[in-house]
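Dear colleague,

Please find the structure below, together with its sequence. My notes on what was found in it follow.

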Amino acid sequence: MPSEERGQIDGRALLSGVIVPLVTPMDRPGHPSAPAADALLRALAAAGARGLMLFGSNGEGPLLPTAELGTFAVGVARRWRELTGGGPVLVNVTAAGTAEALARAAAVRPAAPDALVLSPPLYFHHRHDEIVTHYAAFAGLGAPVVAYHAPRYGNPLTPALLDELTGLPHLVGMKDSSGDPALFGHALAAARRRDDFGVSQGAERQALDALRLGADGVVLGVANLAPAVTAELFRAHRDGRAEDARRAQQLLDAVLELHTVRPGVPAVKAVLAARGLCPPYAAAPFTPCSAGERKALHDLLAPLDAHLVRA
């Protein structure tokens, strides 16, 4: 369970292995439903996923009102811990401003997240000192913080910011989805100044490269669809089975071609819906895939069926 004391949280252990940035199953458009997530949670746990991250970009987090977060987070966290014997649950609370992000953190507190995940503020461009102050505001909330770097959605975490943020005691890790190898290398160097600061890769096509560089784990959206392959990628690298790890990365790259049919979450949910694991509903302004898109997704992924998640 989370603690306010940094010394009791090992960010490297927290972020090790495969953490799935869960899609958010809904019982109607825009309404998250923990019961609707049960089949997918069971399938992910059975396939070897270790942890979850809720309400990230794959979870449509920025599209969901704060009032919709708490009940879903509590239900999913409870079920995941039952299924995995206490596997970690991280919850993204990123927002445009500090006050809203803190409100989101308060809304999910009853789920006892193992860590809060926080990007720099969205929408406006902010100075270095403002971004540091934003992260500093999350000290003392009862859960450590993992910085989430997805610069296409907001302010980037520069090397200078990484150097400063890794010095904040309540920050215990970072997920980097920038796809920038030089930045990722700097993040690893900054993190290793502490023995408890973890680094995870979120850029899906660079997962194996990141593990080879020293990443502690991966947080990949494609793990919603191919959790066993993602788990094998991590295990094969850890065990020194270089060719198996390479094959796993190639399989993940092939699954990722689904985004050429329909980019983003609706395509992932359409595939999961066809497999009986998640309703197709999304949060507005997303709309579910059309019949034509669903057929194209089926045709594209049919040769990979044996590698995809199953009930």
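This is a predicted model: local features need pLDDT of at least 70, side-chain atom pairs count only at pLDDT 80 or more; totals for chains, interfaces and linings use all residues.

Cys278 takes part in no disulfide, and the nearest cysteine sulfur to its own, that of Cys289, is 12 Å away. Cys289 is likewise in no disulfide, with the sulfur of Cys278 as its nearest cysteine sulfur at 12 Å. A disulfide would require the two sulfur atoms to lie within 2.5 Å. Cys278 is buried, because its relative accessibility is 5%. Cys289 also counts as buried, at 7% relative accessibility.

Leaving aside residues up to four places away in sequence, Leu54 touches Leu22, Phe72, Ala73, Val76, Val89, Leu90, Val91 and Asn92.

The charged side chains deserve a separate paragraph. Side chains of opposite charge can pair when their charged atoms come close. In this model the count comes to 27 salt bridges.

- Arg104 and Glu100: their closest N and O atoms are 3.9 Å apart. Both belong to helix α4 (residues 98-108), and because they are four residues apart there, about one helical turn separates them. Arg104 is buried, with a relative accessible area of 5%, whereas Glu100 is partly exposed at 36% relative accessibility.
- Arg194 and Asp196: the closest N and O atoms of this salt bridge are 2.9 Å apart. Both residues are buried.
- Arg275 and Asp305: here the closest N and O atoms are 2.8 Å apart. Asp305 counts as partly exposed, at 36% relative accessibility.

Which residues are linked in a network of salt bridges? The network consists of Glu232, Arg235, Arg238, Asp239, Arg241, Glu243, Asp244, Arg246 and Arg247.

With kind regards

How values were computed
Residues are numbered from 1 along each chain as its sequence is written. Side-chain values use heavy atoms; hydrogens and water are left out. Contact means heavy atoms within 4.5 Å. Buried means under 20% relative accessible area, exposed over 50%, partly exposed in between (1.4 Å probe, protein chains only). A salt bridge is a side-chain nitrogen of Lys or Arg within 4 Å of a carboxyl oxygen of Asp or Glu. Helices (H or I, at least four residues) and strands (E, at least two) are DSSP runs, numbered from the N terminus.
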